[in-house]
Amino acid sequence: MAQQTDLILKAFLINGQWVSHEQDSFESINPATGQVNYRLSTANKADVDLAVHTAKVAVQQPSWCDMLPHVRAQILNRLAALITERAEDFARLQMLENGKVWTECKNQATSAAATFRYYAGVCETLGAEVTPSRGNYLSMVTYEPYGVVAAITPWNSPLTMEAQKVAPALAAGNAVILKPSEVTPSAALLLGELGLAAGLPPGILNVLTGHGAITGKALVEHPGVRMVSFTGGTASGRAIGMVAADRIIPVALELGGKSPHIVFDDANLEAAVEGVVGGIFEGSGQSCVAGSRLFVQRGVYDKLLEILIERTKRIKVGFPEDESVEMGPLATFAHRERIEQMVDSARQEGGHIVLGGKRPEQPELTQGAFYLPTIITGLNNQNTCVREEIFGPVLCVLPFEDEKDLIRQANDSMYGLASGIWTSNYQRAWQVARALETGLVWINTYKQLSISTPFGGFKNSGIGREKGINGVRIYQQSKGIYWSMDPRNLP
Ligand code: NAD
(Lines give C-alpha, C1' and ligand atoms only; values in the text may rest on other atoms or scores of the structure.)
Protein backbone atom coordinates (compact mmCIF):
# COMPACT_ATOMS: atom_id res chain seq x y z
CA MET A 1 0.00 0.00 0.00
CA ALA A 2 1.37 3.46 -0.87
CA GLN A 3 2.26 5.42 2.23
CA GLN A 4 0.55 8.72 2.96
CA THR A 5 3.59 10.88 3.61
CA ASP A 6 1.61 13.89 4.89
CA LEU A 7 0.78 12.02 8.09
CA ILE A 8 2.60 12.72 11.33
CA LEU A 9 5.73 10.58 11.67
CA LYS A 10 6.46 9.60 15.26
CA ALA A 11 10.04 9.17 16.40
CA PHE A 12 11.48 6.67 18.85
CA LEU A 13 13.71 7.33 21.84
CA ILE A 14 17.40 6.56 22.22
CA ASN A 15 19.53 8.13 24.95
CA GLY A 16 17.08 10.97 25.49
CA GLN A 17 17.04 11.83 21.76
CA TRP A 18 14.12 11.36 19.38
CA VAL A 19 15.08 9.49 16.21
CA SER A 20 12.89 9.14 13.12
CA HIS A 21 13.22 7.47 9.72
CA GLU A 22 11.21 9.12 6.97
CA GLN A 23 11.87 6.26 4.53
CA ASP A 24 11.50 3.36 6.92
CA SER A 25 8.16 3.66 8.64
CA PHE A 26 4.89 1.85 9.30
CA GLU A 27 1.32 2.97 9.82
CA SER A 28 -0.90 2.91 12.86
CA ILE A 29 -4.49 2.13 11.91
CA ASN A 30 -7.58 2.97 13.95
CA PRO A 31 -9.45 -0.38 14.06
CA ALA A 32 -12.80 1.32 14.71
CA THR A 33 -12.69 3.30 11.46
CA GLY A 34 -9.97 1.77 9.30
CA GLN A 35 -8.31 5.19 9.04
CA VAL A 36 -4.59 5.75 9.41
CA ASN A 37 -3.73 7.48 12.70
CA TYR A 38 -0.09 8.38 11.97
CA ARG A 39 3.18 6.79 10.91
CA LEU A 40 5.94 5.45 13.12
CA SER A 41 9.62 4.97 12.48
CA THR A 42 11.10 1.48 12.35
CA ALA A 43 14.10 1.02 14.60
CA ASN A 44 16.57 -1.00 12.53
CA LYS A 45 19.58 -3.09 13.56
CA ALA A 46 21.84 -0.03 13.79
CA ASP A 47 19.30 1.72 16.04
CA VAL A 48 19.09 -1.34 18.27
CA ASP A 49 22.87 -1.38 18.47
CA LEU A 50 22.98 2.30 19.45
CA ALA A 51 20.18 1.88 22.00
CA VAL A 52 21.91 -1.08 23.66
CA HIS A 53 25.26 0.70 23.66
CA THR A 54 23.85 3.88 25.24
CA ALA A 55 21.85 1.86 27.78
CA LYS A 56 24.99 -0.05 28.72
CA VAL A 57 26.90 3.18 29.24
CA ALA A 58 24.01 4.80 31.15
CA VAL A 59 23.55 1.89 33.53
CA GLN A 60 27.23 2.05 34.53
CA GLN A 61 27.20 5.76 35.28
CA PRO A 62 27.38 6.64 38.99
CA SER A 63 24.33 8.84 38.36
CA TRP A 64 22.34 5.60 38.00
CA CYS A 65 24.29 2.67 39.43
CA ASP A 66 25.20 4.52 42.66
CA MET A 67 21.78 6.12 43.03
CA LEU A 68 20.39 5.09 46.40
CA PRO A 69 17.20 3.05 46.28
CA HIS A 70 15.11 5.70 48.03
CA VAL A 71 16.20 8.25 45.44
CA ARG A 72 15.36 5.84 42.60
CA ALA A 73 11.98 5.41 44.30
CA GLN A 74 11.42 9.18 44.12
CA ILE A 75 11.86 9.06 40.34
CA LEU A 76 9.39 6.17 40.07
CA ASN A 77 6.91 8.09 42.20
CA ARG A 78 7.31 11.19 40.03
CA LEU A 79 6.73 9.04 36.96
CA ALA A 80 3.56 7.63 38.59
CA ALA A 81 2.32 11.19 39.19
CA LEU A 82 3.02 12.18 35.57
CA ILE A 83 1.16 9.10 34.27
CA THR A 84 -1.81 10.09 36.43
CA GLU A 85 -1.69 13.64 35.02
CA ARG A 86 -1.60 12.30 31.47
CA ALA A 87 -4.02 9.39 32.03
CA GLU A 88 -6.49 10.67 29.45
CA ASP A 89 -3.74 11.03 26.82
CA PHE A 90 -2.62 7.45 27.45
CA ALA A 91 -6.22 6.25 27.26
CA ARG A 92 -6.87 8.13 24.00
CA LEU A 93 -3.72 6.74 22.35
CA GLN A 94 -4.62 3.18 23.32
CA MET A 95 -8.22 3.61 22.15
CA LEU A 96 -7.02 4.95 18.78
CA GLU A 97 -4.61 2.07 18.29
CA ASN A 98 -6.36 -1.04 19.63
CA GLY A 99 -10.00 0.05 19.87
CA LYS A 100 -10.52 -0.79 23.54
CA VAL A 101 -13.41 1.03 25.18
CA TRP A 102 -12.71 4.36 26.88
CA THR A 103 -13.39 3.29 30.49
CA GLU A 104 -11.09 0.30 30.19
CA CYS A 105 -8.33 2.43 28.63
CA LYS A 106 -8.63 4.98 31.45
CA ASN A 107 -8.59 2.27 34.12
CA GLN A 108 -5.44 0.84 32.60
CA ALA A 109 -3.68 4.21 32.81
CA THR A 110 -4.68 4.52 36.48
CA SER A 111 -3.44 1.01 37.16
CA ALA A 112 -0.10 1.71 35.40
CA ALA A 113 0.50 4.68 37.70
CA ALA A 114 -0.26 2.44 40.68
CA THR A 115 2.28 -0.09 39.41
CA PHE A 116 5.03 2.56 39.41
CA ARG A 117 4.03 3.64 42.93
CA TYR A 118 4.05 0.02 44.12
CA TYR A 119 7.56 -0.62 42.80
CA ALA A 120 8.78 2.68 44.21
CA GLY A 121 7.71 1.26 47.59
CA VAL A 122 9.34 -2.09 46.87
CA CYS A 123 12.54 -0.35 45.76
CA GLU A 124 12.78 1.50 49.06
CA THR A 125 11.90 -1.39 51.33
CA LEU A 126 13.12 -4.68 49.86
CA GLY A 127 16.44 -5.60 51.45
CA ALA A 128 19.22 -8.11 50.99
CA GLU A 129 19.63 -11.09 53.33
CA VAL A 130 22.01 -12.45 55.92
CA THR A 131 21.77 -16.26 55.64
CA PRO A 132 22.22 -18.74 58.55
CA SER A 133 25.93 -19.18 58.96
CA ARG A 134 27.41 -22.68 59.25
CA GLY A 135 30.77 -21.58 60.57
CA ASN A 136 32.77 -18.62 61.71
CA TYR A 137 31.76 -16.44 58.83
CA LEU A 138 29.03 -14.10 57.81
CA SER A 139 27.09 -15.22 54.73
CA MET A 140 24.90 -12.82 52.77
CA VAL A 141 22.91 -12.53 49.59
CA THR A 142 22.85 -9.30 47.63
CA TYR A 143 20.75 -8.66 44.53
CA GLU A 144 22.21 -6.91 41.53
CA PRO A 145 20.75 -5.73 38.24
CA TYR A 146 21.49 -7.59 35.00
CA GLY A 147 22.43 -4.34 33.23
CA VAL A 148 20.46 -3.92 30.01
CA VAL A 149 17.02 -5.54 29.97
CA ALA A 150 14.80 -5.84 26.88
CA ALA A 151 11.07 -5.49 27.58
CA ILE A 152 8.81 -6.62 24.72
CA THR A 153 5.06 -6.09 24.95
CA PRO A 154 1.84 -7.05 23.09
CA TRP A 155 -1.01 -4.88 21.82
CA ASN A 156 -3.95 -5.86 23.99
CA SER A 157 -3.12 -3.88 27.15
CA PRO A 158 0.06 -2.04 26.21
CA LEU A 159 0.52 0.43 29.06
CA THR A 160 -0.37 -2.15 31.73
CA MET A 161 2.22 -4.60 30.40
CA GLU A 162 4.80 -1.87 29.93
CA ALA A 163 4.40 -0.62 33.49
CA GLN A 164 4.56 -4.19 34.79
CA LYS A 165 7.97 -4.63 33.21
CA VAL A 166 9.55 -1.17 33.25
CA ALA A 167 8.72 -0.31 36.88
CA PRO A 168 10.30 -3.41 38.51
CA ALA A 169 13.21 -3.50 36.03
CA LEU A 170 14.11 0.11 36.89
CA ALA A 171 13.49 -0.47 40.60
CA ALA A 172 15.99 -3.33 40.31
CA GLY A 173 18.60 -0.92 38.93
CA ASN A 174 18.63 -1.89 35.25
CA ALA A 175 18.46 0.13 32.06
CA VAL A 176 15.46 -0.89 29.95
CA ILE A 177 14.95 -1.02 26.22
CA LEU A 178 11.22 -1.13 25.66
CA LYS A 179 9.91 -2.57 22.37
CA PRO A 180 6.13 -2.13 22.24
CA SER A 181 3.89 -3.92 19.78
CA GLU A 182 3.85 -2.39 16.29
CA VAL A 183 0.04 -2.16 16.72
CA THR A 184 0.18 -0.08 19.93
CA PRO A 185 3.47 1.82 20.06
CA SER A 186 2.36 5.19 21.40
CA ALA A 187 1.88 4.49 25.12
CA ALA A 188 5.51 3.35 25.32
CA LEU A 189 6.70 6.52 23.56
CA LEU A 190 4.75 8.70 25.98
CA LEU A 191 6.11 6.65 28.88
CA GLY A 192 9.66 7.27 27.59
CA GLU A 193 8.96 11.02 27.40
CA LEU A 194 7.55 11.11 30.93
CA GLY A 195 10.44 9.00 32.24
CA LEU A 196 12.87 11.74 31.15
CA ALA A 197 10.63 14.41 32.72
CA ALA A 198 10.54 12.40 35.97
CA GLY A 199 14.34 12.45 36.14
CA LEU A 200 15.50 9.17 34.60
CA PRO A 201 18.99 9.74 33.18
CA PRO A 202 19.04 9.60 29.34
CA GLY A 203 19.61 6.04 28.11
CA ILE A 204 18.04 4.38 31.17
CA LEU A 205 14.72 4.00 29.35
CA ASN A 206 15.03 3.72 25.58
CA VAL A 207 11.93 3.02 23.49
CA LEU A 208 12.24 1.38 20.07
CA THR A 209 9.28 1.03 17.72
CA GLY A 210 9.07 -1.53 14.93
CA HIS A 211 7.97 -5.04 14.05
CA GLY A 212 8.91 -8.12 16.02
CA ALA A 213 10.72 -9.74 13.10
CA ILE A 214 13.01 -6.71 12.66
CA THR A 215 13.32 -4.61 15.82
CA GLY A 216 12.32 -7.26 18.37
CA LYS A 217 14.52 -9.95 16.89
CA ALA A 218 17.58 -7.65 16.65
CA LEU A 219 17.06 -6.67 20.28
CA VAL A 220 16.80 -10.21 21.64
CA GLU A 221 19.84 -11.29 19.63
CA HIS A 222 21.99 -8.35 20.71
CA PRO A 223 24.93 -9.47 22.88
CA GLY A 224 24.57 -6.42 25.14
CA VAL A 225 21.03 -7.42 26.25
CA ARG A 226 21.39 -9.49 29.43
CA MET A 227 17.76 -10.38 30.15
CA VAL A 228 14.50 -10.44 28.18
CA SER A 229 11.06 -9.90 29.63
CA PHE A 230 8.42 -10.81 27.06
CA THR A 231 4.63 -10.81 26.99
CA GLY A 232 2.91 -12.03 23.87
CA GLY A 233 1.93 -15.12 21.93
CA THR A 234 3.31 -18.57 22.70
CA ALA A 235 4.92 -18.96 19.25
CA SER A 236 6.87 -15.68 19.61
CA GLY A 237 7.74 -16.59 23.21
CA ARG A 238 9.15 -19.92 22.05
CA ALA A 239 11.26 -18.20 19.35
CA ILE A 240 12.59 -15.70 21.89
CA GLY A 241 13.24 -18.48 24.43
CA MET A 242 15.32 -20.33 21.84
CA VAL A 243 17.50 -17.29 21.19
CA ALA A 244 17.85 -16.74 24.93
CA ALA A 245 18.83 -20.40 25.44
CA ASP A 246 21.52 -20.04 22.80
CA ARG A 247 22.81 -16.85 24.42
CA ILE A 248 22.40 -18.24 27.97
CA ILE A 249 20.44 -15.29 29.24
CA PRO A 250 17.33 -15.44 31.45
CA VAL A 251 13.85 -14.81 30.08
CA ALA A 252 10.51 -14.12 31.68
CA LEU A 253 7.70 -15.23 29.38
CA GLU A 254 4.03 -14.30 29.84
CA LEU A 255 2.28 -16.11 27.02
CA GLY A 256 -1.10 -17.21 25.76
CA GLY A 257 -4.00 -18.89 27.52
CA LYS A 258 -7.14 -20.96 27.07
CA SER A 259 -8.58 -20.50 30.49
CA PRO A 260 -11.31 -22.79 31.84
CA HIS A 261 -14.20 -20.99 33.49
CA ILE A 262 -16.22 -23.47 35.58
CA VAL A 263 -19.80 -23.29 36.85
CA PHE A 264 -20.97 -25.97 39.31
CA ASP A 265 -24.66 -26.72 39.81
CA ASP A 266 -24.64 -25.10 43.28
CA ALA A 267 -23.38 -21.73 41.99
CA ASN A 268 -25.22 -18.41 42.01
CA LEU A 269 -26.02 -18.59 38.29
CA GLU A 270 -26.78 -14.89 37.80
CA ALA A 271 -23.47 -13.88 39.37
CA ALA A 272 -21.65 -16.60 37.45
CA VAL A 273 -23.06 -15.35 34.15
CA GLU A 274 -21.85 -11.80 34.90
CA GLY A 275 -18.40 -13.25 35.64
CA VAL A 276 -18.42 -15.37 32.49
CA VAL A 277 -19.54 -12.47 30.27
CA GLY A 278 -16.91 -10.09 31.68
CA GLY A 279 -14.31 -12.86 31.58
CA ILE A 280 -14.62 -13.44 27.85
CA PHE A 281 -16.20 -10.40 26.20
CA GLU A 282 -14.47 -7.54 28.04
CA GLY A 283 -11.78 -6.13 25.74
CA SER A 284 -13.47 -8.08 22.90
CA GLY A 285 -11.91 -11.24 24.33
CA GLN A 286 -8.40 -9.96 23.61
CA SER A 287 -7.10 -10.86 27.00
CA CYS A 288 -4.55 -13.50 27.92
CA VAL A 289 -6.72 -14.55 30.88
CA ALA A 290 -9.99 -14.59 28.90
CA GLY A 291 -12.21 -17.41 30.22
CA SER A 292 -12.63 -18.88 26.74
CA ARG A 293 -13.62 -22.45 27.71
CA LEU A 294 -16.81 -22.48 29.77
CA PHE A 295 -17.48 -25.77 31.60
CA VAL A 296 -20.99 -26.05 33.03
CA GLN A 297 -22.19 -28.90 35.22
CA ARG A 298 -24.80 -30.95 33.38
CA GLY A 299 -27.68 -30.23 35.81
CA VAL A 300 -27.59 -26.45 35.17
CA TYR A 301 -26.23 -26.48 31.63
CA ASP A 302 -29.47 -25.56 29.80
CA LYS A 303 -30.51 -22.95 32.34
CA LEU A 304 -27.13 -21.28 32.46
CA LEU A 305 -26.83 -21.24 28.67
CA GLU A 306 -30.23 -19.55 28.41
CA ILE A 307 -29.29 -16.79 30.90
CA LEU A 308 -25.89 -16.41 29.25
CA ILE A 309 -27.34 -15.96 25.77
CA GLU A 310 -29.89 -13.42 27.01
CA ARG A 311 -27.19 -11.43 28.82
CA THR A 312 -24.75 -11.56 25.92
CA LYS A 313 -27.39 -10.33 23.47
CA ARG A 314 -27.55 -7.11 25.50
CA ILE A 315 -23.82 -6.34 24.99
CA LYS A 316 -23.59 -3.14 22.99
CA VAL A 317 -20.94 -3.33 20.26
CA GLY A 318 -19.80 -0.03 18.84
CA PHE A 319 -17.34 2.84 18.82
CA PRO A 320 -15.02 2.70 21.84
CA GLU A 321 -15.40 6.39 22.75
CA ASP A 322 -19.16 5.88 23.33
CA GLU A 323 -19.35 5.23 27.06
CA SER A 324 -22.44 3.04 26.72
CA VAL A 325 -20.51 0.60 24.51
CA GLU A 326 -19.24 -2.59 26.16
CA MET A 327 -17.31 -4.06 23.22
CA GLY A 328 -15.24 -2.11 20.71
CA PRO A 329 -13.64 -3.51 17.56
CA LEU A 330 -10.87 -6.10 17.40
CA ALA A 331 -7.41 -4.56 17.39
CA THR A 332 -6.65 -5.23 13.73
CA PHE A 333 -8.45 -6.32 10.57
CA ALA A 334 -6.01 -9.23 10.15
CA HIS A 335 -6.87 -10.42 13.65
CA ARG A 336 -10.59 -10.37 12.79
CA GLU A 337 -9.90 -12.54 9.73
CA ARG A 338 -8.06 -15.04 11.90
CA ILE A 339 -10.99 -15.18 14.33
CA GLU A 340 -13.42 -15.68 11.45
CA GLN A 341 -11.34 -18.62 10.26
CA MET A 342 -11.40 -20.12 13.75
CA VAL A 343 -15.20 -19.80 13.95
CA ASP A 344 -15.45 -21.41 10.48
CA SER A 345 -13.39 -24.31 11.79
CA ALA A 346 -15.92 -24.73 14.61
CA ARG A 347 -18.74 -24.89 12.04
CA GLN A 348 -16.85 -27.54 10.05
CA GLU A 349 -16.11 -29.56 13.18
CA GLY A 350 -19.80 -29.79 14.15
CA GLY A 351 -20.11 -26.83 16.53
CA HIS A 352 -23.37 -24.89 16.87
CA ILE A 353 -23.00 -21.11 16.74
CA VAL A 354 -25.77 -20.23 19.18
CA LEU A 355 -24.97 -16.51 19.14
CA GLY A 356 -22.91 -14.16 16.96
CA GLY A 357 -20.40 -15.80 14.64
CA LYS A 358 -20.45 -12.80 12.30
CA ARG A 359 -19.77 -9.08 11.91
CA PRO A 360 -22.39 -6.61 13.14
CA GLU A 361 -24.72 -5.36 10.45
CA GLN A 362 -25.12 -1.67 11.43
CA PRO A 363 -23.87 0.37 8.43
CA GLU A 364 -21.82 2.73 10.65
CA LEU A 365 -19.69 -0.19 11.88
CA THR A 366 -18.78 -1.68 8.51
CA GLN A 367 -15.52 0.27 8.18
CA GLY A 368 -14.17 -1.05 11.49
CA ALA A 369 -12.84 -4.45 12.61
CA PHE A 370 -15.98 -5.26 14.60
CA TYR A 371 -17.16 -8.79 15.44
CA LEU A 372 -20.15 -9.88 17.48
CA PRO A 373 -19.86 -11.71 20.80
CA THR A 374 -19.99 -15.37 19.85
CA ILE A 375 -21.09 -18.46 21.77
CA ILE A 376 -20.41 -21.95 20.46
CA THR A 377 -21.76 -25.25 21.81
CA GLY A 378 -21.48 -28.85 20.63
CA LEU A 379 -17.68 -28.98 20.50
CA ASN A 380 -15.38 -31.21 22.54
CA ASN A 381 -11.89 -30.86 23.93
CA GLN A 382 -10.30 -32.13 20.70
CA ASN A 383 -11.76 -29.38 18.49
CA THR A 384 -9.65 -26.49 17.24
CA CYS A 385 -11.63 -23.69 18.91
CA VAL A 386 -11.45 -25.46 22.27
CA ARG A 387 -7.75 -26.21 22.04
CA GLU A 388 -6.28 -23.08 20.45
CA GLU A 389 -6.18 -19.55 21.77
CA ILE A 390 -8.61 -17.43 19.72
CA PHE A 391 -7.93 -14.15 21.54
CA GLY A 392 -11.32 -12.81 20.53
CA PRO A 393 -14.96 -12.65 21.71
CA VAL A 394 -15.59 -16.35 21.19
CA LEU A 395 -16.78 -18.59 24.02
CA CYS A 396 -16.96 -22.39 23.75
CA VAL A 397 -19.42 -23.97 26.20
CA LEU A 398 -18.96 -27.60 27.28
CA PRO A 399 -20.86 -29.72 29.81
CA PHE A 400 -19.24 -31.79 32.58
CA GLU A 401 -20.60 -34.49 34.89
CA ASP A 402 -18.65 -34.28 38.16
CA GLU A 403 -15.42 -32.97 39.65
CA LYS A 404 -13.32 -35.79 38.24
CA ASP A 405 -14.65 -35.28 34.72
CA LEU A 406 -14.20 -31.51 35.08
CA ILE A 407 -10.57 -31.68 36.23
CA ARG A 408 -9.71 -34.06 33.39
CA GLN A 409 -11.26 -31.76 30.76
CA ALA A 410 -10.06 -28.46 32.25
CA ASN A 411 -6.45 -29.65 32.50
CA ASP A 412 -6.48 -31.15 29.00
CA SER A 413 -4.82 -28.07 27.50
CA MET A 414 -1.31 -27.02 26.58
CA TYR A 415 -2.02 -23.72 28.33
CA GLY A 416 -2.26 -23.05 32.05
CA LEU A 417 -2.68 -19.34 32.67
CA ALA A 418 -5.91 -18.80 34.61
CA SER A 419 -9.16 -20.44 35.66
CA GLY A 420 -12.41 -19.53 37.40
CA ILE A 421 -14.69 -21.57 39.66
CA TRP A 422 -18.28 -20.73 40.64
CA THR A 423 -19.64 -22.83 43.52
CA SER A 424 -21.12 -22.37 46.99
CA ASN A 425 -19.27 -25.43 48.32
CA TYR A 426 -16.07 -24.15 49.93
CA GLN A 427 -14.44 -27.54 50.22
CA ARG A 428 -15.03 -28.20 46.53
CA ALA A 429 -13.71 -24.74 45.62
CA TRP A 430 -10.48 -25.47 47.50
CA GLN A 431 -10.00 -28.96 46.06
CA VAL A 432 -10.68 -27.88 42.49
CA ALA A 433 -8.49 -24.77 42.86
CA ARG A 434 -5.59 -26.98 43.97
CA ALA A 435 -6.16 -29.52 41.17
CA LEU A 436 -6.30 -27.00 38.29
CA GLU A 437 -3.02 -26.64 36.41
CA THR A 438 -3.13 -22.85 36.12
CA GLY A 439 -1.04 -20.02 37.56
CA LEU A 440 -4.13 -18.12 38.73
CA VAL A 441 -7.47 -19.30 40.08
CA TRP A 442 -10.50 -17.11 40.72
CA ILE A 443 -13.23 -18.38 43.04
CA ASN A 444 -16.69 -16.79 42.69
CA THR A 445 -15.10 -13.89 40.81
CA TYR A 446 -13.12 -13.48 37.58
CA LYS A 447 -10.36 -11.20 36.27
CA GLN A 448 -9.76 -9.79 39.74
CA LEU A 449 -6.15 -8.60 39.55
CA SER A 450 -3.80 -6.71 41.80
CA ILE A 451 -0.20 -5.61 41.46
CA SER A 452 0.67 -7.21 44.83
CA THR A 453 -0.11 -10.79 43.73
CA PRO A 454 2.28 -12.76 41.48
CA PHE A 455 0.99 -13.33 37.94
CA GLY A 456 2.08 -15.95 35.43
CA GLY A 457 1.27 -19.24 33.81
CA PHE A 458 1.82 -22.98 34.06
CA LYS A 459 2.70 -25.11 31.02
CA ASN A 460 2.87 -23.24 27.67
CA SER A 461 1.48 -20.08 29.26
CA GLY A 462 4.92 -19.01 30.35
CA ILE A 463 7.92 -19.00 32.62
CA GLY A 464 8.41 -16.70 35.61
CA ARG A 465 6.07 -14.53 37.64
CA GLU A 466 5.55 -10.80 37.26
CA LYS A 467 3.99 -8.51 39.89
CA GLY A 468 4.29 -8.73 43.65
CA ILE A 469 7.37 -7.95 45.70
CA ASN A 470 9.34 -10.68 43.97
CA GLY A 471 8.45 -9.17 40.59
CA VAL A 472 11.66 -7.16 41.14
CA ARG A 473 13.75 -10.29 41.58
CA ILE A 474 13.29 -11.49 38.00
CA TYR A 475 15.28 -8.40 37.00
CA GLN A 476 18.12 -9.14 39.41
CA GLN A 477 20.76 -11.78 39.91
CA SER A 478 21.69 -12.88 43.40
CA LYS A 479 25.22 -12.88 44.68
CA GLY A 480 26.32 -14.96 47.68
CA ILE A 481 29.03 -13.31 49.79
CA TYR A 482 31.00 -15.18 52.47
CA TRP A 483 32.97 -13.01 54.90
CA SER A 484 35.26 -14.78 57.34
CA MET A 485 35.10 -13.68 60.97
CA ASP A 486 38.26 -15.62 61.82
CA PRO A 487 40.76 -13.07 63.21
CA ARG A 488 43.64 -15.39 62.22
CA ASN A 489 42.90 -14.52 58.60
CA LEU A 490 43.66 -10.85 59.24
CA PRO A 491 47.22 -9.46 59.22
P1 NAD B 1 3.01 -11.37 19.55
O2 NAD B 1 3.72 -12.53 20.15
O3 NAD B 1 2.71 -11.39 18.11
O4 NAD B 1 3.85 -10.03 19.78
C5 NAD B 1 4.21 -9.58 21.07
C6 NAD B 1 5.41 -8.67 20.95
O7 NAD B 1 6.54 -9.44 20.54
C8 NAD B 1 5.28 -7.56 19.92
O9 NAD B 1 5.95 -6.41 20.41
C10 NAD B 1 6.02 -8.13 18.71
O11 NAD B 1 6.52 -7.14 17.85
C12 NAD B 1 7.15 -8.88 19.39
N13 NAD B 1 7.71 -10.03 18.67
C14 NAD B 1 7.07 -10.93 17.90
N15 NAD B 1 7.95 -11.86 17.46
C16 NAD B 1 9.15 -11.55 17.98
C17 NAD B 1 10.46 -12.13 17.89
N18 NAD B 1 10.70 -13.24 17.18
N19 NAD B 1 11.47 -11.55 18.57
C20 NAD B 1 11.25 -10.45 19.31
N21 NAD B 1 10.05 -9.83 19.41
C22 NAD B 1 9.01 -10.38 18.76
O23 NAD B 1 1.70 -11.17 20.43
P24 NAD B 1 0.53 -10.14 20.20
O25 NAD B 1 -0.27 -10.61 19.03
O26 NAD B 1 1.07 -8.76 20.21
O27 NAD B 1 -0.32 -10.33 21.55
C28 NAD B 1 -1.26 -11.33 21.72
C29 NAD B 1 -0.68 -12.49 22.51
O30 NAD B 1 -0.14 -12.02 23.73
C31 NAD B 1 -1.74 -13.50 22.90
O32 NAD B 1 -1.25 -14.80 22.67
C33 NAD B 1 -1.91 -13.26 24.39
O34 NAD B 1 -2.39 -14.37 25.10
C35 NAD B 1 -0.56 -12.86 24.79
N36 NAD B 1 -0.61 -12.11 26.06
C37 NAD B 1 -0.17 -12.72 27.21
C38 NAD B 1 -0.25 -12.05 28.42
C39 NAD B 1 0.22 -12.70 29.69
O40 NAD B 1 0.47 -11.97 30.65
N41 NAD B 1 0.35 -14.00 29.78
C42 NAD B 1 -0.76 -10.77 28.45
C43 NAD B 1 -1.21 -10.18 27.27
C44 NAD B 1 -1.11 -10.87 26.07
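Two strands count as paired if DSSP finds at least two bridges between them. Helices (H or I, at least four residues) and strands (E, at least two) are DSSP runs, numbered from the N terminus. The model is predicted: local features need pLDDT of at least 70 and side-chain atom pairs count only at pLDDT 80 or more, while totals for chains, interfaces and linings use all residues. Residues are numbered from 1 along each chain as its sequence is written, and side-chain values use heavy atoms, with hydrogens and water left out.

**View 1. Strands β8 and β9 run parallel.** Strand β8 (residues 148-152) is joined to β9 by 5 bridges. Ala 151 stands opposite Leu 178 in β9.

**View 2. Phe 264 and Phe 400 form an edge-to-face pair.** Rings of Phe, Tyr and Trp (its six-membered ring) pair if their centres lie within 6.5 Å; planes under 30 degrees apart count as stacked, over 60 as edge-to-face and the rest as tilted. A search of the whole structure finds 6 aromatic pairs. In one of them, the ring centres of Phe 264 and Phe 400 are 5.2 Å apart and the planes stand at 85 degrees, so the pair is edge-to-face. Phe 264 lies in the loop between β13 (260-263) and α10 (269-281) and Phe 400 in strand β17 (residues 394-400), so the pair ties together parts that are 136 residues apart in sequence. Phe 264 is buried at 0% relative accessibility, and Phe 400 is buried with a relative accessible area of 0%.

**View 3. Trp 442 and Tyr 446 form a tilted aromatic pair.** Their centres are 4.6 Å apart, with 55 degrees between the planes. Trp 442 is buried at 5% relative accessibility, and Tyr 446 is buried at 10%. Asn 444 lies in the loop between β20 (440-443) and β21 (458-459). Phi of Asn 444 is positive, near 55 degrees, in a residue other than glycine. Asn 444 is partly exposed, with a relative accessible area of 34%.

**View 4. Arginines lie over the faces of Trp 64 and Tyr 143.** A charge sits over a ring if NZ of Lys or CZ of Arg is within 6 Å of the ring centre and within 35 degrees of the ring normal. Arg 72 is at 5.6 Å from the ring centre of Trp 64. Arg 473 is at 3.4 Å from the ring centre of Tyr 143.

**View 5. Phe 391 is among the residues that line the largest cavity.** A cavity is a set of points, on a 1 Å grid over the protein atoms alone, where a 1.4 Å probe fits but cannot get out; lining residues have an atom within 4 Å of a point. Grid points are joined across faces, edges and corners, and a volume is the space filled by probe spheres set on the points. The structure holds 4 cavities of 30 Å³ or more, and the largest has a volume of about 60 Å³. Its lining also includes Lys 258, Ile 280, Ser 287 and Glu 389. Phe 391 lies in the loop between α13 (384-387) and β17. Phe 391 has a positive phi of about 60 degrees although it is not a glycine, and it is buried at 16% relative accessibility.

Terms used. 1 Å grid on protein atoms, 1.4 Å probe; cavity = no way out; pocket = protein on both sides within 12 Å on 5 of 7 lines; lining within 4 Å. Buried < 20%, exposed > 50% of the residue type's maximum accessible area, 1.4 Å probe, protein only.
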